[in-house]
Amino acid sequence: MKAIYKNILITATATLGFTATFAQAGKKSNTEKDYYRIVTVPVPEGVELEVGGLTTLPNGDLGVSTRRGDVYVISNPYQLNGSLPYYKKFASGMHEVLGLAYTGGNFYCVQRGELTKLIDKNGDGKADIYETVYAWQLSGNYHEYSYGPVVMPNGHLMVNLNVAFAEEWWRGKSFRPWRGWSLDITPDGDMSPYATGFRSPCGQGIVDGKYFYSENQGDWIGSGYIMQLDKGDFAMHPAGLNWAADPSSPVKVRTEDIYALVDKRFNDPEGKIEDRDPKRPYKTLAEVSAIVGKGFKAPTVWLPHGVLGQSTSALIQIPRDDKFGPFAGQVLVGDQAQSRINRVFLETVKGQYQGAAFAFREGFESGVLRMAWGADNSLFVGQTSRGWGSTGQKIFGLQRLVWANKTPFEMKAVRAMPDGFEIEFTKPVNKQAAADPDNYNITGFTYKYHPVYGSATIREKNHIVNAAIVSEDGLRVRLVADSLREKYIHEIKVDNKVVSADSSFTLLHPVAYYTLNNIPDGAKLNVPKRKAKMVHDMGGMNMNVPAPAATKATTGAALKKNQTVKPASWTTIDQTITLGTKPGLKYDKTELTLKAGAKVKLTFTNNDDMPHNFVVVPQGQAIPVGELGTKLGLQAVKLSYIANTPKVLFNATLVGPGSSQTIYFVAPKAGKYTYVCTVPGHFYVMQGTLTVE
């Protein structure tokens, strides 16, 4: 094994040029790729490598399972000495393999309906026996994905099961036993229900011996998150509680505990991202869980939707050494929709995990679904997007993330303090700039806990930073802030005036999102109170972008860009159009035709299982306008990911699954236009052409 490591390291240094490329004197480039390089692993023609699972074998080879039901073993995935990797099909004919592990000399994989052990009996590199370790029931609903296994420290195998979707497409249901649960399964096939409250628990992992899972935004789930789970815990989604009364269930929460506090709204088909009635009463997760108790678990760290991704996927702990940079022991979390990886720092306060989430690396070629450490300390990243969509434009991909042996100027960690937060940096800061409290902004917020798909941020509060105290070595800054709230997420933004000690670099990622489950005990610093000042626009992420303004049509009266009421002056409507959606980030019509100056009524109906909008822009402006929408920060959902720009001609706002919106507008002058969904990641592919004659 040592020889393998040495050979890989020598070849990687020669082929990637780590030390030569990144040690140039005076080099001031400060982009993600300067510190973590993406290396593509070639895939042979004819191999549809829609990665569902990844695992590294003891000899350094890579095991890969696919959504198409195959398992491959890839020899030389590191491309040593410039040679290509070699793919050998180990198993095939299975049903959507969304997880793969290797333990005890055998592969274990999760198909949609079972945990399967793959046995190569004669040693020819192909599975001879497909042994069912444990099987569960299926209803046939398309959303009954199954994930895993994760090998626990005791050798058991952990499996997570998605809920199905009911008639409304977006409302999660558990039609068969243990849907929405994690299952603890021994290698001999003995199953024990472990925890429930899941919607779409795509990611799992072991962090310091503890079991964690990741969740996706949807009904009951305001945003994606990661959570540490103990046996008997209830997460958030009530569908799996159908089976909580089973004698084998360790979960104490019951369905009626939730529905007694939150309107289940079974007779209300409203699936919009925000309620049409802004006065409708609501509760937060913290308010409900405080009443229910019984193991009702809060997320360890939230990953704000639209800001740090949309479809949370795999999680993996960075080894506790310095071979992948300065973030040893922290957690990397993938996002399938935004083709990215985020970073999470964890700490325990009053016996409960909490911590901060940061952006880490974007730019993968497809949707990030699975990760595994290679023998050379690089990170393999398995990707897929078919039917799900991603910012990466390829249907699938396999790449490696390689540290360039160069330390970025970053917030290494954010820790909770009795009176604020402490930021630890990877390099010393310029003390004068770092000591100015005006160079920091802290905004607290949370989400609704309700059966609607997702939630905008609510109860936002700007917390005054009264002092910024820099440590002697320049590596830490303690922020003393007023009235922080437990059970809230806190956005911590650092102005670009805070630079490294030699003034060479600004922070690569200047924003952190700290989930403050508990405020630690201890002494508070006695500093003077400061008055609130105008919030800086730090790093170009203006949190207070106004809604799109009214626009003057080519003919007729001035209308709002999102005109949802027929103008009083209209006696007739010249054209009526309906537009819908299809799975796979598609409108159901890719071309629409209007007559210049026509009075138009357009009804946009969302038949998909995720929110979409409809935005008309000049031809060639779809991606630029979409990228502006990704910079709206915490207000992105409230603003429907639509930036305030004259490039937006008219639009329907964010429409949730099963909902619709009707807008009225006057067709512009003759020409070609583009209609696009500006939800992050969607705008690259979800487009159509509007022709005005």
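1. Thr116 counts as buried because its relative accessibility is 0%. Buried means under 20% relative accessible area, exposed over 50%, and partly exposed in between, with a 1.4 Å probe and protein chains only. The model is predicted: local features need pLDDT of at least 70, side-chain atom pairs count only at pLDDT 80 or more, and totals for chains, interfaces and linings use all residues. Residues are numbered from 1 along each chain as its sequence is written, and side-chain values use heavy atoms, with hydrogens and water left out.

2. Thr116 sits in strand β8, residues 114-119. Strands here are DSSP runs of E, at least two residues, numbered from the N terminus.

3. Look at the neighbours of Thr116. Leaving out residues up to four places away in sequence, Thr116 touches Phe107, Tyr108, Cys109, Gln111, Tyr130, Glu131 and Val133 (contact: heavy atoms within 4.5 Å). Its side chain also makes a polar contact with the side chain of Gln111, at 2.9 Å. A polar contact is a pair of N or O atoms within 3.5 Å; within protein, one must be able to donate a hydrogen and the other to accept it, and residues adjacent in sequence count only if both atoms are side-chain atoms.

4. Now the cavities. On a 1 Å grid over the protein atoms alone, a cavity is a set of points where a 1.4 Å probe fits but cannot get out; lining residues have an atom within 4 Å of a point. There are two cavities of 30 Å³ or more.

Key: 1 Å grid on protein atoms, 1.4 Å probe; cavity = no way out; pocket = protein on both sides within 12 Å on 5 of 7 lines; lining within 4 Å. Points joined across faces, edges and corners; volume = space filled by probe spheres on them. Helix = DSSP H or I, 4+ residues; strand = E, 2+ residues; numbered from the N terminus.
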